[in-house]
Amino acid sequence: MSSSQPLSARTALGRQPVLKAPQILGNWVLWLEQRPQEKGRTTAMIRPWQQPDKPAKELTQAPANLRCRVHEYGGGAMAAALMGDRLLLSWIDDSDRCLWFQAWSGMRGETCEALRAETEPMRISAPGEEALGGGLIDQNRLHWLGVMEREGRDHLVRFSLNQCDQQPKVLHEADDFAGYPALSADGNQLAWVEWCQPAMPWDACELRWAQITRGGQLKQVRTLAGSSPDAEQQVSVFQPIWQPDGSLIVAEDSSGWWNLMRHGDPAGDRNQWERPWPMQAETAMPQWVFGMSTTAWDGEELLAAICSDGCWELKRLMADGSTSSVKQPFDDLNDLHADAGRAVAIASNDHTGQGLLELELASGEWMHTPASDATLPIGAISRGESFWFDGAEGRRTHAWYYPPLDGAHRDSPLLVKSHSGPSSMARRGLSLGIQFWTTRGWGVVDVNYGGSTGFGRAYRERLIGSWGVVDVEDCAAAATALVEAGRAHPERIAIEGGSAGGFTTLACLCFTNVFRAGACRYAVSDLTSLASETHRFEARYLDSLVGPWPQDRDRYEQLSPLGHAKSIRCPVIFFQGLQDNVVVPEQTERMAAALRSNGLPVEVQTFPNEGHGFRDSEVKVQVLEATEAFFRRHLGL
């Protein structure tokens, strides 16, 4: 679908919803839609398979807002199941953080008009201090089974879906963190992932397994794969998935790459794993949120989204160890789900925005429905170029370079983007935020600095003990390489980033002389404060990125931009949500005050209703426009 009147990148950004968690249910496709024009409210949508011309139905009417707060970053706010003619839907509502449930009939119909709510939405969990999310529906027992975060520890819990305002039934208390539960087809086995501080789940985590009794209790809990943080070789596992024959699939990275392995009988010998599909490519990503999916079973074949050199492709994985590509034109894929010979994912490429990709696997027929009709004409899109350069310690490092729409030359301004995470990646898909800059004469380089995902474990581990060093050198080297190539002016280079990317931005301004202006969204500026004040999920993250806290306090102070504010000699603009529990607003206030004491031009814009990551479309547009105006003013453009 496309609009008859192309829109500017600014206008399009303000109208672009974010699609998440698609799922196939019989002849229907269900997904979450985060709406920036409704201040980031997320709702559940459904429509018939491959029929975007038929109106979709909103299942969770306003003011319902589907959002999970487990580990702050959440994910996995919705779970659904198809039982004959009935749709079972559960969700976490951000207004009370409770579990809700509703059932619909009419799933054998062909239009949304056939769907009928059987009851009003029912609040399943009693209000409390705990956070719930990352769950699934156990159809055999009519239970919701998921994660509860309470009093500094995760628990696997269940609720009956036919009773209001219940207290959770605790099935298992994790040593620390837990997530990604997966139920076998017969409902008698459960697999999930656990990890303990100081490790993050992409560093070291364990695959757990248990049998489920008829009454829904867990027994014989044991570890099947992965590692603890103190293991000689740390191993990460990702997304357990069951096959109908009772075998278990999981991605793990002991080879240096997140590759899939298979266990034919998890109840048997824990060491009987097979690795049928070895490759120097990734079939997983860092587990920042619940609900992430790169692997799916379509009823006959295993499908996997596989990342190589920053690009994703969809492949069939055969039982004999062979693979074949599923032909489709998208190389940025998320949230893969499959059933009955069909697959769905959130997909984009460098000229097509995020949308629902629906695939008929036997025929190869595919359909892509953009998230909105807010499109740009092809001629107004700058295509990302894969750009390799010599980064920190001379190591080959990757970025995506987007030339200005009117062409790059020696006088072009350049914006360097440092992604958040810092273990995430600069993605390939069309970014309206990047196009905002390229349509205004800027080149943009989106850097996959050392530590980024998509290039193997060794590339991720470049950042161990070197956050604020490797990422800084890589961003500076990317800009320098483009100047030397005659594609940017050395006095017109700016840098921007949010969260961890904001830290890299500030560190680049402190410790290099490459950049002439900076913009920071909810930026980490004081590592000592972050280590002692941040939320539970990231409380020990800096142990690997910087060093053990508080033993390495000196190094924290050495790398903190706040302690080196006097080294910054260029203008900086800050954007901060006042509801941020990850980077508390006081960090931004202290950093801005330190720069003002240097006599530097500094601006701070705060947003009372925003947290860590901006959701409101007006805020997103305001941030872009204020950043551009700030850069133009101070770079003399």
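Predicted model: local features only at pLDDT ≥ 70, side-chain atom pairs only at ≥ 80, totals over all residues.
I started with what covers helix H9: the contacts of its buried residues (contact meaning heavy atoms within 4.5 Å) include helix H5 (500-511), helix H6 (527-533), strand E36 (572-577) and strand E37 (602-607). Helices (H or I, at least four residues) and strands (E, at least two) are DSSP runs here, numbered from the N terminus.

Numbering runs from 1 along each chain as its sequence is written, and side-chain values use heavy atoms, with hydrogens and water left out.

Which residues of H9 are buried? I listed Pro 585, Gln 587, Thr 588, Met 591, Ala 592, Ala 594 and Leu 595; buried means under 20% relative accessible area with a 1.4 Å probe, protein chains only.

I also checked the length of H9. Its twelve residues (585-596) should span 16 Å at 1.5 Å a residue, and the end C-alpha atoms lie 17 Å apart, which agrees. The expected span is 1.5 Å times one less than the number of residues.

On a 1 Å grid over the protein atoms alone, a cavity is a set of points where a 1.4 Å probe fits but cannot get out; a pocket is an open set with protein on both sides within 12 Å along at least five of seven lines; lining residues have an atom within 4 Å of a point. Grid points are joined across faces, edges and corners, and a volume is the space filled by probe spheres set on the points.

I got two cavities of 30 Å³ or more. The largest has a volume of about 40 Å³, and its lining includes Met 285, Trp 312 and Asp 335. Strands E24 (311-317) and E26 (332-339) each supply at least two lining residues, with E26 giving the largest share, four. By class I noted seven nonpolar, three polar and one charged. Ala, Val, Leu, Ile, Met, Phe, Trp, Tyr, Cys and Pro count as nonpolar, Asp, Glu, Lys and Arg as charged, and the others, Gly among them, as polar.

The second largest cavity holds about 30 Å³. Asp 96, Arg 97 and Glu 130 are among its lining residues, which divide into four nonpolar, two polar and three charged.

Last, I looked up the second largest pocket, with a volume of about 300 Å³. Of its 19 lining residues, Trp 202, Asp 203, Ile 464, Ser 544 and Leu 545 are the closest to its centre. Helices H3 (457-460) and H7 (541-545) are the elements giving two or more residues to this lining.

Conventions
Buried < 20%, exposed > 50% of the residue type's maximum accessible area, 1.4 Å probe, protein only.
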